[in-house]
Amino acid sequence: MPDLIVDLDKLEHNIQFIKAFCEVNRLEWVGVVKACESSVPVIELFQRNGVTSLGIASLVTAREQQRHFREKPMLVAIPSVLEAQAVVSSCKSSLNSELETIKALAEAAEWEGVTHEVLLMIELGDLREGVMPEDAVRTVRKILELGSKHLELSGIGANLACCSGVLPSSENISLLNGLAEEIEKSLGHPMKKVSIGGSVMLDWMENHSLPPRLNQLRIGEAILLGTIPGVEKKHKELLDSAFLLSGTVLEIKTKPSVPMGEVGTDAFGVKPRFEDKGLRKRALVNLGAIHTAPRSLTPVPSNVRFINSNSNYSVYDVTDCPQEFRPGDTMEFRLSYSSLIQGLLSPYVKKSYRGARASL
């Protein structure tokens, strides 16, 4: 069985760096753990390091891990109007863009006898969630007209580089800042929180200053993987090996690099393409689609090249690798965001924890 290895000491290093980064920049930090919210040791590690506001994406997690949260988490995935009761029961706050859902949250919060906090999401060009900027004041007005004592509109927020890859810029960041000021001026309602999401903000903030109204940063991937999405690079201060996936070599054989016979589609309905490189040494590893996203794994050994995969196996060209692999040997891989999520959720992958924190 493949093994997903979590080094809690390395992960703690990343958490502490982001925590200090946010303190220096006077930002409230929401630690987004949606990629690994099924992992209790990771959730507890964040909280032991003083991260009081956690962002999750699943109401199943909010319910099943409830006893492990010191404070109710923020729901960072847009909820359905049908989930309003579950949201206010399990989460202290949520991101929203639809008036009908916000109305349902207000009614559910009144029924529960609690106050639920919402952030209205603004579309800054990444074309995921959010109202268009020109509709922001009108939408806030309608939320306030609900007159609910159990719903707190605490501010506005946005995401970047999460769907269409739109990067932060002085223009889109300033637009969010300006909308907060416009809402307050037009409606007299304070925007206590102006929230921006996306690990790509780390890279941007190294060379730019945030406008004064932005005071909350929602960030996750950089902490977990040490990488900056959108610009596809490792952050120089973060560790990129807190998570490793370990597979077992099942077969080592020298075979042709081009299939023999007529080629149809592979296990996933895609017709593969092959380059004739003659005879090549191939390693069959016990990692497939039921375990992770094989194509997005990066082999730790040098000069190992992914060829293809199916549900149970992946094939790698190890001809040029200086390490001599034999059946039964272990091959380790660094993970992408998608392979990490699938690996942690897969029941066919063992999860192991290492480091001083693993014994706590």
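Gly165 lies in the loop between strand S7 (151-159) and helix H7, where helices (H or I, at least four residues) and strands (E, at least two) are DSSP runs, numbered from the N terminus. At 37% relative accessibility, Gly165 counts as partly exposed; buried means under 20% relative accessible area, exposed over 50%, and partly exposed in between (1.4 Å probe, protein chains only). The C-alpha atoms of Gly165 and Leu279, 114 residues apart along the chain, are separated by 39 Å.

This is a predicted model, in which local features need pLDDT of at least 70 and side-chain atom pairs count only at pLDDT 80 or more, while totals for chains, interfaces and linings use all residues. Residues are numbered from 1 along each chain as its sequence is written, and side-chain values use heavy atoms, with hydrogens and water left out.

**The loop between S7 and H7**

- Cys163 is also placed in the loop between S7 and H7, and its relative accessibility of 49% makes it partly exposed.
- Leaving aside neighbours within four places in sequence, Cys163 is in contact with Asp126, Leu127 and Arg128, contact meaning heavy atoms within 4.5 Å.
- Between the C-alpha atoms of Cys163 and Glu129, which are 34 residues apart along the chain, the separation is 9.4 Å.
- Ala161 is found in the loop between S7 and H7 and is buried, with a relative accessible area of 14%.
- The phi angle of Ala161 is near 60°, a positive value in a residue other than glycine.

**The protein as a whole**

- The protein contains ten helices and 18 strands.
- Its C-alpha atoms fill a box of roughly 70 × 45 × 40 Å, taken along the principal axes.
- Of the 360 residues of the protein, 50% count as buried.
- Among contacts between residues at least 6 apart in sequence, 65% join residues at least 24 apart.

**Helices H6 and H7**

- Helix H6 (residues 136-145) packs against helix H7 (residues 170-187) at an angle of about 50°, with the axes 10 Å apart. Axes are lines fitted to C-alpha atoms, for helices over the stretch in contact, and angles run from 0 to 180 degrees between N-to-C directions.
- H6 and H7 are therefore oblique to each other; angles under 35 degrees count as roughly parallel, over 145 as roughly antiparallel, 65 to 115 as roughly perpendicular and the rest as oblique.
- The crossing of H6 past H7 is right-handed, a crossing being left-handed if the near helix is turned anticlockwise from the far one by less than a right angle, and right-handed if clockwise.
- On the H6 side, Ala136, Val137, Val140, Arg141 and Leu144 meet Leu179, Glu182, Ile183, Ser186 and Leu187 of H7.
- By class, this contact of H6 with H7 has seven nonpolar, one polar and two charged residues. Ala, Val, Leu, Ile, Met, Phe, Trp, Tyr, Cys and Pro count as nonpolar, Asp, Glu, Lys and Arg as charged, and the others, Gly among them, as polar.

**Helices H1 and H2**

- The axes of helix H1 (residues 8-24) and helix H2 (residues 40-48) come within 10 Å and cross at roughly 40°, and the two helices are therefore oblique to each other.
- H1 passes H2 in a right-handed crossing.
- Leu8, Leu11, Glu12 and Ile15 in H1 meet Val42, Leu45 and Phe46 in H2. In this contact there are six nonpolar, no polar and one charged residues.
- Arg26 lies in the loop between H1 and strand S2 (28-32) and counts as exposed at 75% relative accessibility. Its phi is near 55°, a positive value in a residue other than glycine.

**Nonpolar cores**

- In soluble globular proteins, nonpolar side chains tend to be buried together.
- A nonpolar core is a set of buried Ala, Val, Leu, Ile, Met, Phe, Trp, Tyr and Cys residues joined through side-chain atoms within 4.5 Å. Of the 93 residues in the largest nonpolar core, Phe46, Ile156 and Ile196 touch the most other members.
- Apart from this core lies another, of seven residues, among them Met74, Val76, Leu95 and Leu119.

- Asn177 is in helix H7 and is buried, with a relative accessible area of 9%. Not counting residues up to four places away in sequence, Asn177 touches Pro211, Pro212, Arg213 and Leu214.
- Ser90 belongs to helix H4 (residues 84-90) and counts as buried at 11% relative accessibility.
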